[in-house]
Amino acid sequence: MNAIDHPLVAAYLDSVARETAGLPAERRAELLADLREHIEVSEARDDEAVRAVLAELGEPRTVAASALAEEGAPATAVTAVPTGPLAGRQAARIIAVLPALGGLLILGSPFAGALVLAIGLALLWKTPLWDARHKRIGTATALAVPVLLLLGGLFLAGGWVGPVELLVIGVFAIGVPVSGALVLTRALRV
Amino acid sequence: MVPGDAKNDDGGGRVPSQLRKGVLEHCVLALLRDEPKYGVELLAELASVSVMTTSQGTIYPLLSRLRREGFVDTELRESPSGPPRRYYALTPLGRTALAEFAGAWPRFRDAVDHFLNDPQGDTA
């Protein structure tokens, strides 16, 4: 088994990812790639060797603190960012799917859907977990449902679309927000 | 790397950690003076002098900054065994920074020694 597939390595990298929530996404991805590469190059084969490599790299918290310091983050942010109420792993998963969920809910219940969508977007823009680009992707994909729904309704009222076109619009209305939520969830793991 | 004296010789104290801040990056540049090196190699050489690093992983953010500032360049090279390795090489800018540090360091070291050994300029 390659060291990179070792459960201890996955846990270690997850931990570093969690502690570096305050870093710009690109910097965080680079650090994780560097650590991953270091572990791969070390070619540790068994549990003991993997443990030794990880011990040499240092505590995830220490590595994260050094990365945040290089980024010019104030020393207090090192502890403040990862423990914020909107920075937890659980919260992250919920925030990632909430806008898309709201968008989809609109299909069934416009009021509840719009409410969930609004809350989801507000949380998405408040959390430090994603950079502005991912926040825009999440927003755009979640808003696709009401926009497509409106267009579909207009076209239908105008008598310009048949059942096939309507089906296509329906597939997009579900597919787009779902892929948006996937992109956000993925970006978390880098 | 010697398990026995890891406790008191790992450079983890407050003073060593503060001293490292200003000089570590120049030690990294100095290690690259003669030839490009890959991450694991570079870290092993730093770690062989125990006062220089406690956690090897903390060097990667430093290398990342040195690259962004144009002091080092990176290049992915195939390895005879195992996965490709990212090599770090000194740029002309990095070489200049290293020369500057090498010029300033002896004066700095002598000044510190002076205050530590003979603060008043006469016998106490």
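Tutor: We start with a term: on a 1 Å grid over the protein atoms alone, a cavity is a set of points where a 1.4 Å probe fits but cannot get out, and its lining residues have an atom within 4 Å of a point. This is a predicted model, so local features need pLDDT of at least 70, side-chain atom pairs count only at pLDDT 80 or more, and totals for chains, interfaces and linings use all residues. Residues are numbered from 1 along each chain as its sequence is written, chains are lettered from A and ligands numbered from 1 in the order in which they are written, and side-chain values use heavy atoms, leaving out hydrogens and water.

Student: OK, how many cavities of 30 Å³ or more are there in the whole structure?

Tutor: A search finds three of them.

Student: Which residues line the largest cavity?

Tutor: From chain A, the lining has D34(A), E37(A), H38(A) and V41(A). From chain B, it has Y38(B), G39(B), V40(B), Y60(B), R85(B), R86(B) and Y88(B).

Student: Which element gives the most to that lining?

Tutor: That is α2(A), with four residues. Elements that each supply at least two residues are α2 of chain A together with α3 and β3 of chain B. The names come from DSSP: helices are runs of H or I with at least four residues, strands are runs of E with at least two, and both are numbered from the N terminus.

Student: What classes of residue are in the lining?

Tutor: Five are nonpolar, two polar and four charged. Here Ala, Val, Leu, Ile, Met, Phe, Trp, Tyr, Cys and Pro count as nonpolar, Asp, Glu, Lys and Arg as charged, and the others, Gly among them, as polar.

Student: You mentioned α3 of chain B. Which of its residues are buried?

Tutor: In α3(B), residues 39-47, the buried ones are G39(B), L42(B), L43(B), L46(B) and A47(B). Because they cover an arc of only 130 degrees around the axis, they sit on the same side of α3(B). The arc is that of the directions from the helix axis to the C-beta atoms. Buried means under 20% relative accessible area, exposed over 50%, and partly exposed in between (1.4 Å probe, protein chains only).

Student: And what do those residues pack against?

Tutor: They pack against α2 (25-42) of chain A, and in chain B against α2 (14-31), β1 (37-38), α4 (59-68) and β3 (85-90).

Student: Let's switch to chain A. How many helices and strands does it have?

Tutor: Chain A has nine helices and zero strands. Chain B has five helices and three strands, in the order α-α-β-α-α-β-β-α.

Student: What share of each chain is buried?

Tutor: For chain A, 41% of its 190 residues count as buried. For chain B, the figure is 33% of 124 residues.

Student: Pick a residue in chain A. Where does S66(A) lie?

Tutor: S66(A) is in helix α4 of chain A, residues 60-70. With a relative accessible area of 16%, S66(A) is buried. Apart from neighbours within four places in sequence, it is in contact (heavy atoms within 4.5 Å) with T58(B) and P61(B). Other buried residues of α4(A) include V63(A), A64(A) and L68(A).

Student: Is L23(A) buried or exposed?

Tutor: L23(A) is buried, at a relative accessible area of 5%. It lies in the loop between α1 and α2 of chain A. Not counting residues up to four places away in sequence, L23(A) touches R28(A), A67(A), L68(A) and E71(A). Its C-alpha atom is separated by 9.2 Å from that of D131(A), 108 residues apart along the chain.

Student: Where does pLDDT stay under 50?

Tutor: pLDDT is the predictor's confidence in each residue, from 0 to 100. In chain A it stays under 50 over residues 73-83, and in chain B over residues 1-10. As for averages, chain A comes to 81 and chain B to 83.

Student: Which elements of chain A have the lowest and highest mean pLDDT?

Tutor: Helix α5 (residues 75-80) has the lowest, 36, and helix α1 (residues 7-19) the highest, 95.

Terms used. 1 Å grid on protein atoms, 1.4 Å probe; cavity = no way out; pocket = protein on both sides within 12 Å on 5 of 7 lines; lining within 4 Å. Points joined across faces, edges and corners; volume = space filled by probe spheres on them.
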